[in-house]
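Reader: I'm new to reading protein models. Could you walk me through this one, a bit at a time?

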Amino acid sequence: MFISITAFLVIAPAFFMLAMYHTTKNPALRPLGITLERMIEAGHMSDRTLIVTQITFGPQADASLSLDDYRAAFTKSFGGFNTETRVQFRTAKRGNDITVRYEVGNSIIGPFPIERAAEGIRPAVEAERMVTKQRALALRKEQAKLQNGSFWVRILSE
């Protein structure tokens, strides 16, 4: 008896929130499943930057610029393509190089030595555009499927 009451107290709130999510389609109500994509689709968040620029400094690297200078340079470079990047800095365990790599979704472009970092900007921008188009097509396909489906098809498709 005690175990069933405990199980009910644990499961009931999650079940209630899942029912509310299916009713309202508000991803903030989805238990343990809030994803960036769902928040963007629902209009609760603006689209975040898809391109992440990772700059890795070796322990003996000779960095002639400050971190803010690196961030400003990459922000300006991507701004020329009407896109944005989020710049992250890392420290390598060994070496004296400064390398740059670009992450766009599941794709990794690089690493490039800092002197050749510009070679990866255009491929990163193109990858971002492809990911954006792919997401838009998938969203349209999903919306068309939900409009044509019955109530239970829409509920079970989530």
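This is a predicted model: local features need pLDDT of at least 70, side-chain atom pairs count only at pLDDT 80 or more; totals for chains, interfaces and linings use all residues.

Reader: What share of the contacts with a separation of 6 or more comes from residues 24 or more positions apart?

Author: Here we look at contacts in the protein chain with a separation of 6 or more. Residues 24 or more positions apart account for 58%.

Reader: In what order do the elements of the chain run?

Author: Helices (H or I, at least four residues) and strands (E, at least two) are DSSP runs, numbered from the N terminus. The protein chain has 5 helices and 4 strands. Starting at the N terminus, they go α-α-β-α-β-β-β-α-α.

Reader: Which residues of helix 3 are buried?

Author: Buried means under 20% relative accessible area, exposed over 50%, and partly exposed in between (1.4 Å probe, protein chains only). An α-helix has 3.6 residues a turn, so residues three or four places apart point the same way. Turned away from the buried side of helix 3 are the exposed Asp68 and Lys76. The buried ones are Tyr70, Phe74 and Phe78.

Reader: Why do those buried residues line one face of helix 3?

Author: Look down the helix axis and take the arc of the directions from that axis to the C-beta atoms. The buried residues of helix 3 line one face because they fall within an arc of 60°.

Reader: Is Asn82 buried or exposed?

Author: Asn82 sits in the loop between helix 3 and strand 2 (85-91). Asn82 also has a positive phi of about 60°, though it isn't a glycine. Most residues other than glycine have a negative phi. With 76% relative accessibility, Asn82 counts as exposed.

Reader: Which side chain of opposite charge is nearest to Glu128?

Author: Lys and Arg count as positive and Asp and Glu as negative; His and the chain ends are not counted. A salt bridge needs a side-chain nitrogen of Lys or Arg within 4 Å of a carboxyl oxygen of Asp or Glu. Glu128, in helix 4 (residues 121-148), is buried yet has no salt bridge. The nearest side chain of opposite charge, 5.4 Å away, is Arg129.

Methods. Residues are numbered from 1 along each chain as its sequence is written. Side-chain values use heavy atoms; hydrogens and water are left out. Contact means heavy atoms within 4.5 Å.
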